Amino acid sequence: MAIGPENMIGAFDAKSHFSELLVRVEKGDEVTITKHGKPVAKLVPIHQESTAEERRAAMDRWINAPDRPTLGGLKIRDLINDGRP
């Protein structure tokens with residue numbers, strides 16, 4: 001199986017070696033499938049459901065991020081009301 005740079009493989013080879021590609025993807029690789037040299041699809045691993053601890057850690061990172069987006073003094077209620085007909 002010939003996987004080129006950046007984990008790219010032609011559609012014909014991908015079809016012929018699909019089982020081997022799945023093994024690579026299960027191990028965490030991402031594989032781009034090309035047709036006539038142009039990317040058309042990507043095989044990526046499915047990420048498992050996150051745990052409560054992982055979700056909490058993600059929220060903590062977001063809350064404590066120094067460049068977190070702000071509303072610039074606006075209130076959520078005002079924005080909601082402005083969007084209503």
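Reader: How many helices and strands does the protein chain have, and in what order do the elements run?

Author: This is a predicted model. The secondary structure of the protein chain comes to 4 helices and 3 strands. From the N terminus on, the order is β-α-α-β-β-α-α.

Reader: What share of the 85 residues is buried?

Author: Buried here means under 20% relative accessible area. Take contacts with a separation of 6 or more: residues 24 or more positions apart account for 18% of them. As for burial, the share of the 85 residues is 11%.

Reader: In what order do the strands stand in the sheet, and which ones are at the edges?

Author: The sheet is open, its pairing is mixed, and its order is β1-β2-β3. The twist averages 35 degrees from one strand to the next. Two strands have a single partner each, so one side of each is left without a neighbour in the sheet. Those edge strands are β1 (8-10) and β3 (38-43).

Reader: Do the strands beside β2 run parallel or antiparallel to it?

Author: Take β1 and β2: 3 bridges join them, and they run parallel. β2 and β3 pair over 5 bridges, and their sense is antiparallel.

Reader: Which residue takes a positive phi in the hairpin of β2 and β3?

Author: This hairpin has 2 residues between the strands. The phi in question is near 55 degrees. The residue is histidine 36.

Reader: Which strands does α2 lie across, and at about what angle does α2 run to β3?

Author: α2 covers residues 18-26. This helix lies across β1, β2 and β3. Its angle to β3 is about 65 degrees.

Reader: Which residues make up the largest nonpolar core?

Author: Nonpolar side chains tend to be buried together in soluble globular proteins. Here the largest nonpolar core has 7 residues in all. α2 (18-26) and β2 (31-35) each supply at least two residues of this core. The members are Ile9, Ala14, Leu21, Val25, Val31, Ile33 and Leu43.

Reader: What is isoleucine 33 in contact with, leaving aside its neighbours within four places in sequence?

Author: Isoleucine 33 belongs to the largest nonpolar core. Two of its contacts, Ile9 and Ala14, are members of that core as well.

Reader: Is threonine 32 buried or exposed?

Author: Threonine 32 sits in strand β2. Beyond its neighbours within four places in sequence, threonine 32 is in contact with Glu6, Asn7, Met8, Ile9, Pro39, Ala41 and Lys42. Its relative accessible area is 11%. The cut-off is under 20%, so threonine 32 counts as buried.

Reader: What is the relative accessible area of threonine 34?

Author: Threonine 34 is also placed in strand β2. Leaving aside neighbours within four places in sequence, its contacts are Met8, Ile9, Gly10, Ala11, Pro39 and Val40. Threonine 34 is buried, and its relative accessible area is 10%.

Reader: How many salt bridges does a search of the whole structure find, and which residue pairs with arginine 24?

Author: Side chains of opposite charge can pair when their charged atoms come close. The search finds 2 salt bridges. Arginine 24 is partly exposed at 27% relative accessible area. At 3.3 Å, N to O, its partner is aspartate 29.

Reader: Which parts does the pair of lysine 42 and glutamate 30 tie together?

Author: The closest N and O atoms of this salt bridge are 3.7 Å apart. Glutamate 30 is partly exposed, at 40% relative accessibility. The pair lies 12 residues apart in sequence, so it ties together strand β3 and the loop between α2 and β2.

Reader: How far apart are the C-alpha atoms of lysine 27 and proline 45?

Author: Lysine 27 lies in the loop between α2 and β2. Lysine 27 counts as exposed at 72% relative accessibility. Lysine 27 and proline 45 are 18 residues apart along the chain, and their C-alpha atoms are separated by 8.0 Å.

How values were computed: Residues numbered from 1 in each chain as written. Predicted model: local features only at pLDDT ≥ 70, side-chain atom pairs only at ≥ 80, totals over all residues. Heavy atoms only, no water. Core = buried A, V, L, I, M, F, W, Y, C linked by side-chain atoms within 4.5 Å. Buried < 20%, exposed > 50% of the residue type's maximum accessible area, 1.4 Å probe, protein only. Contact = heavy atoms within 4.5 Å. Pairing = 2+ DSSP bridges. Axes fitted to C-alpha atoms, helices over the stretch in contact; angles between N-to-C directions. Salt bridge = Lys/Arg side-chain N within 4 Å of Asp/Glu carboxyl O.
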